[in-house]
Amino acid sequence: MFIKPIDKNQQQQVCDATSDCLKRVETVFQIKLEPVTVTFDLTGRSAGMYRVQRGKRTIRYNPYLFAKYFDDNMATTVPHEVAHYAADMLYGFQHIRPHGAEWQAIMRALGVEPRATGQYDLTGIPVRRQQRFSYYCRCSTHQLSASRHYKVCRKKAAYFCNRCGERIVRSE
Ligand SMILES: [Zn+2]
Ligand SMILES: [Zn+2]
């Protein structure tokens, strides 16, 4: 059994929900946020991801996990990723822990219990062979392969951003 990714109509619903969350953050925190780029190109185990790359900020959603758990992802993944974006805009992602107090406060403002996303049953979902791990530097977020991540954990390797030159560190 293979899950079909969400269609254009559902993608529009997700984009609308993302904009609604952004508006709510703007109202509560009295700020103006640029509309964030939304893509549906995320695969694997995560339902959503917030990425900063070469100064470009993107919320990526997993169209397969949204297809399988649409309502749940609308209720949790959308505010979760919007809160990452808003926390970055308000405080700078380098200055805060990804799921720290600032992110949690934004989640509460969105009326959502601040929890990291749950584990979904991935039956029927295309999953990458290798899991990825989130890292960041001064200018970007980075995804490391599992083998590189374990080398960092065992202090056998360190990796540096080839844009700003800073050592990249684990997000959570
Ligand atoms: Zn998160
Ligand atoms: Zn960098």
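Predicted model: local features only at pLDDT ≥ 70, side-chain atom pairs only at ≥ 80, totals over all residues.
**Entry 1, domains.** I began with the division of the protein, and I found domain 1 at residues 8-127 and domain 2 at residues 129-172. Taken over C-alpha atoms, the centres of the two domains are separated by 21 Å. To their contact, domain 1 gives 9 residues and domain 2 gives 8 residues. I then sorted by class the residues on the side of domain 1 that touches domain 2, and noted 3 nonpolar, 3 polar and 3 charged.

**Entry 2, the sheet.** I next looked up an open sheet of 3 strands, in which the order is E5-E4-E6 and the pairing is antiparallel. Because strand E5 (141-145) and strand E6 (169-170) stand at the edges with a single partner strand each, one side of each has no neighbour in the sheet. Between strand E4 (residues 132-136) and E5, which run antiparallel, I noted 5 bridges, and I saw that Tyr-135 stands opposite His-142 in E5. Helix H6 (residues 146-153) lies across E4 and E5, and its direction makes an angle of about 95 degrees with E5.

Two packed helices are described by the angle and the distance between their axes. For helix H1 (residues 8-29) and helix H4 (residues 77-91), I noted that the axes come within 10 Å and cross at roughly 45 degrees, which means that H1 is oblique to H4. The crossing of H1 and H4 is right-handed. Among the residues that make the contact are Val-14, Ala-17 and Phe-29 of H1, together with Val-82 and Leu-90 of H4. When I looked at classes, the contact of H1 with H4 had 11 nonpolar residues, 1 polar residue and no charged residues.

Definitions and conventions:
Residues numbered from 1 in each chain as written. Chains lettered and ligands numbered in written order. Domains from an automatic or database assignment. Contact = placed C-beta atoms within 7 Å. Nonpolar A, V, L, I, M, F, W, Y, C, P; charged D, E, K, R; others polar. Pairing = 2+ DSSP bridges. Helix = DSSP H or I, 4+ residues; strand = E, 2+ residues; numbered from the N terminus. Axes fitted to C-alpha atoms, helices over the stretch in contact; angles between N-to-C directions. Parallel < 35°, antiparallel > 145°, perpendicular 65-115°, else oblique. Left-handed = near helix turned anticlockwise from the far one by under 90°.
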